[in-house]
Amino acid sequence: MTAVQEICAQVRGYDGAADTGLIERSFAFAAERHAGQKRRSGEPYVVHPVGVARIISELRLDVPSVCAGLLHDCVEDTSATADDIGRLFGTEIQSLVEGVTKLGQISWTTREERQAENFRKMLLAMARDIRVILIKLADRVDNMRTLAHMPRDKQERIARETMEIYAPLANRLGIQWMKVELEDLAFKYLEPTEYDQLVARLAETAGSREAYITEVVDKLKSVLAEGEINAQVSGRAKHLWSIYQKMKKTGRDVEQIYDVLAFRVNTESVRDCYAVLGIVHSNWTPVPGRFKDFIALPKPNLYQSLHTTVIGPRAERMEVQIRTQEMHRIAEQGIAAHWKYKEQKAHTADDGKAFAWLRQLMEWQRDLKDPTEFIETVKIDLFQDEVFVFTPKGDVKALPKGATPIDLAYAVHSQVGEHCSGARVNGLIVPLRYALRNGDTVEILASANQKPSKDWLKFVITSRARTKIRHFIRMEQRERSRQMGRDLLGRELRKQDASLASAEREGLLDAAAQRLRLGGADDLLVAVGYGKVSPGHAADAVLIDRVTSGTTAPSIPIPETPAAVRRPVSKRSIAGIKVQGEADILVKFAKCCTPVPGDSIIGFISRGHGVVIHTRDCSKALDLDPVRRVDVSWDDESKTLRPVAVQVTCSDRPGLLAAISKSFTEHGVNISQAKCRTTEDGRAVNTFQVTVGHLEQLKTVLRTLETIEGVVSATRL
């Protein structure tokens, strides 16, 4: 019971009125139900829920959250039911346990619609009660800490989930220590060789680094004492994943990454923060462009701090972060610091800002009926850095880095975005694709005749703008297809001495749509307009009820392939693609993503081009109406060679291009085109157009290319 007693003591430390007896009862129940179960490490299974509960208490959450942490695996892994939890511990804890249990059943490794729909449900549950995701994050941290005992394939899968979803979520919710730990642990299992090498290199310089940190901390304390400022000073090396990302981005070795050290000064007041900044800048030379004021302009997750980079002792760059004790608490606890369970008070304005992103989820899920698009939209939003701009009235708007005036217009209101015709930045007219900068004053120019353009999708950044533009364009496409469908079906009905207007009045279109499983009359017309249902087939479905009495009605088969694009005779699949199991469908490969055999693919009906094939993660595919989507698959019996572009970045030295070409040849990959250029920093960027027979062949050659001495990266474009 020692560990649980420590948790109870910690909870009482921040909530004197906490019912810790409920925590002890939850532990007893979990220990009883998990009795006999072992983790892969050989430890009793109950060690895991205790570890999760400990992390939850470190986040200073309420008693129900701690209890849910102890009980979160009972429903899934023991004979206990959700009703048992509710009967013994109350409906609130039952609700939290059920929420976390559902999250545990989600697979993050595929982009198929079922998993994407689960992701949508998870985020909506999170929007209703943020404690669900906080408990799940604690669960993920404890699992990552003990991942060494899992098989290699599971280590990679779980680490990738963590890097793609959970670490960004922790960052978006403002829990910095959790984000850092999850990234470093995921790095350890995703790139084990690079991780071990970096750890070893940092260990070699640990002594000199610690001496340097001690020197700077002592100096800071001395100058702050002279300025009569009471503050806590600490120093540390930046976390491993951050250093590794800088090494990859710059192509430099760890010794050449100068600002790997960060120093933190915690003060008593905001006034002291700015006083400390002045003292730092008066003692060391600041690096131009490396100062950020997140106190005056907090991040959307309410993170506040002053960041500056200066040239420190021995001409080393070092970052200094300056914040108050309260700002530090919020940086460590994130959104949990704003979730007032115990007091049951109304949320403050700051709390409203903290939860604005969660409310945005509710709006997105209303606009995005396609779950695959929803998961892509949320993942894009998780990874954005911010830029702050001003409206003409002086209001501050936080937008993702690289945002345009159109992004700002949609952030103000959907109607403003739809009618945005131009923008004036700092008094000057700028293009709509202009990338906004910190401090810009932006005036949106609107016109009643303006409407969203598909070209806007090429440069807008925010999920809100992309969602609204896509929705508008799809509605326009749908209306055009509906009108085309009316014309085509009307002509076909006239051939059979029938009238479209009469069929509509008699409700025959609705009946035909239901018969073809297409929804309503409009859906039927749209399907005909898109070419998903042939006019003749639709007319037969409409007129089936007009068969004379006593005559057996002909059966109307549900269309499984787009008849408008079927070729009459073909036994072998066209271009190695089957459309809904059929091999004789005209297909065309999208140039935006150039799918190769082995890629996860999706098809969209297009008049004149048959079915256009995209990769599932192609951003252009998300711009298309889901109504046009059809299931497609590769024909394993067909040996198809597909073109793909590969970019190899390497050192600019003699003989390297020959080694790269030889590697392609050895793997049976033909180069059809090559383009090479050098950069100012002594590198060569080589773009190859090659043909491959399968995705695995492409992956193998890319891995081999990266082992060539002098090659920095080899990627598919």
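Predicted model: local features only at pLDDT ≥ 70, side-chain atom pairs only at ≥ 80, totals over all residues.
Residues are numbered from 1 along each chain as its sequence is written, and side-chain values use heavy atoms, without hydrogens and water. Local features need pLDDT of at least 70 and side-chain atom pairs pLDDT 80 or more, while totals for chains, interfaces and linings use all residues.

Start with strand β2, residues 261–267. Strands (E, at least two residues) and helices (H or I, at least four) are DSSP runs, numbered from the N terminus. In a regular strand the side chains alternate between the two faces of the sheet. In β2, Leu261, Phe263, Val265 and Thr267 lie on one side and Ala262, Arg264 and Asn266 on the other, and all are buried. Buried means under 20% relative accessible area, with a 1.4 Å probe and protein chains only. Because 7 of the 7 residues are buried, β2 is largely enclosed by the rest of the structure.

Two strands pair if DSSP finds at least two bridges between them. Strand β1 (residues 231–237) is antiparallel to β2, with 7 bridges; Ala237 has Leu261 of β2 as its bridge partner. Strand β6 (residues 317–324) runs parallel to β2, with 6 bridges, and Gln321 in β6 is the bridge partner of Arg264.

Asp84 belongs to helix α6, residues 82–89. Asp84 counts as buried because its relative accessibility is 16%.

Lastly, the axes of helices α9 (residues 131–145) and α11 (residues 176–190) come within 10 Å and cross at roughly 40°. Axes are lines fitted to C-alpha atoms over the stretch in contact, and angles run from 0 to 180 degrees between N-to-C directions. The contact (heavy atoms within 4.5 Å) includes Leu137 of α9 and Trp177 of α11.

Technical notes: Buried < 20%, exposed > 50% of the residue type's maximum accessible area, 1.4 Å probe, protein only.
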